[in-house]
Each structure stands twice: as structure tokens, then as C-alpha cells.
Amino acid sequence: MSSDRTPYNNIDTLSVMIAQDIIGSEAETSGARSITRFIESRIKTKVLNILACRLDNQLPINGQFKIDIINASFQTNSGDRPDVVVKYVPLEEI
């Protein structure tokens with residue numbers, strides 16, 4: 001993510017999204033507690049849901065989880081709520 005039109009040059013989008021959540025008007029806590037809340041409520045939940053689905057369907061779990069950002073406010077002005085998307089990447093594709 002590198003654009004001359006944003007102050008976020010060469011910074012990964014997940015870090016920016018966490019930072020915006022920490023300093024945003026909706027932030028419930030500050031500093032490390034906010035980062036922990038973001039990870040617990042958004043990322044871990046999605047990873048665990050994918051993992052549970054794979055285990056329930058007896059699918060392999062020896063791959064990686066890829067975290068992407070959708071609708072980040074610094075990337076789009078669509079008005080859609082920003083979120084984290086977690087995808088499972090099979091070992092063969094790593």
C-alpha cells in the first residue's frame with residue numbers, strides 16, 4: 001500500500017486499521033488494551049471460525065491464515081464499514 005495521496009505510505013493496512021481503531025472516536029480503551037480488543041474481537045474470532053469449519057469437515061489445517069482489510073477508510077470513500085477478512089491458505093499454495 002503506497003500512495004502519494006495518503007499519509008500511510010509503505011505501512012501495512014492492518015497496522016493502520018488497528019491504529020485508527022485505537023485513536024478513533026469509538027475507541028473504548030486506549031493503547032495496548034485497544035489493540036488486544038481489536039485482535040480478540042475481530043481477528044481471533046474469524047480465525048477460530050475458519051479453523052472450526054475446517055475441523056468439522058475434516059479438512060487439513062496445516063496451512064496459513066491470511067488477513068486482509070476491506071473498506072478501510074484510508075483506501076476508499078464508499079462509506080462501507082471497514083473490516084478484517086481472514087482466509088485459509090493451503091500448504092500447497094504457500
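This report describes the salt bridges and the aromatic pair of a predicted model.

## Basis of the report

Because the model is predicted, local features need a pLDDT of at least 70 and side-chain atom pairs count only at pLDDT 80 or more, while totals for chains, interfaces and linings use all residues. Residues are numbered from 1 along each chain as its sequence is written, and side-chain values use heavy atoms, with hydrogens and water left out.

Side chains of opposite charge can pair when their charged atoms come close. The structure holds 3 salt bridges, a salt bridge being a side-chain nitrogen of Lys or Arg within 4 Å of a carboxyl oxygen of Asp or Glu.

One of the salt bridges joins Glu 40 to Lys 44, with 2.9 Å between the closest N and O atoms. Both residues belong to helix 2 (residues 32–56), where they are 4 residues apart, about one turn of the helix; helices (H or I, at least four residues) and strands (E, at least two) are DSSP runs, numbered from the N terminus. Glu 40 has a relative accessible area of 39% and is partly exposed, a class that lies between buried (under 20% relative accessible area) and exposed (over 50%), computed with a 1.4 Å probe and protein chains only. Lys 44, with a relative accessible area of 40%, is partly exposed.

## Two further salt bridges

Asp 83 and Lys 46 meet through their side chains in a salt bridge of 2.8 Å, N to O. This pair links distant parts of the chain, since Asp 83 is in strand 2 (residues 83–89) and Lys 46 is in helix 2, 37 residues apart. Asp 83 is partly exposed at 26% relative accessibility, and Lys 46 is partly exposed with a relative accessible area of 25%.

A salt bridge is also formed by the side chains of Lys 66 and Asp 68, at 3.8 Å from N to O. Lys 66 is partly exposed, its relative accessible area being 43%, and Asp 68 is partly exposed with a value of 24%.

## The aromatic pair

A search of the whole structure finds 1 aromatic pair, where rings of Phe, Tyr and Trp (its six-membered ring) pair if their centres lie within 6.5 Å, and planes under 30 degrees apart count as stacked, over 60 as edge-to-face and the rest as tilted. Phe 65 and Tyr 88 form this edge-to-face pair, with 5.7 Å centre to centre and 70° between the planes. Because Phe 65 lies in strand 1 (residues 64–70) and Tyr 88 in strand 2, the pair ties together parts that are 23 residues apart in sequence. Phe 65 is partly exposed, with a relative accessible area of 30%, whereas Tyr 88 is buried, with a relative accessible area of 14%.
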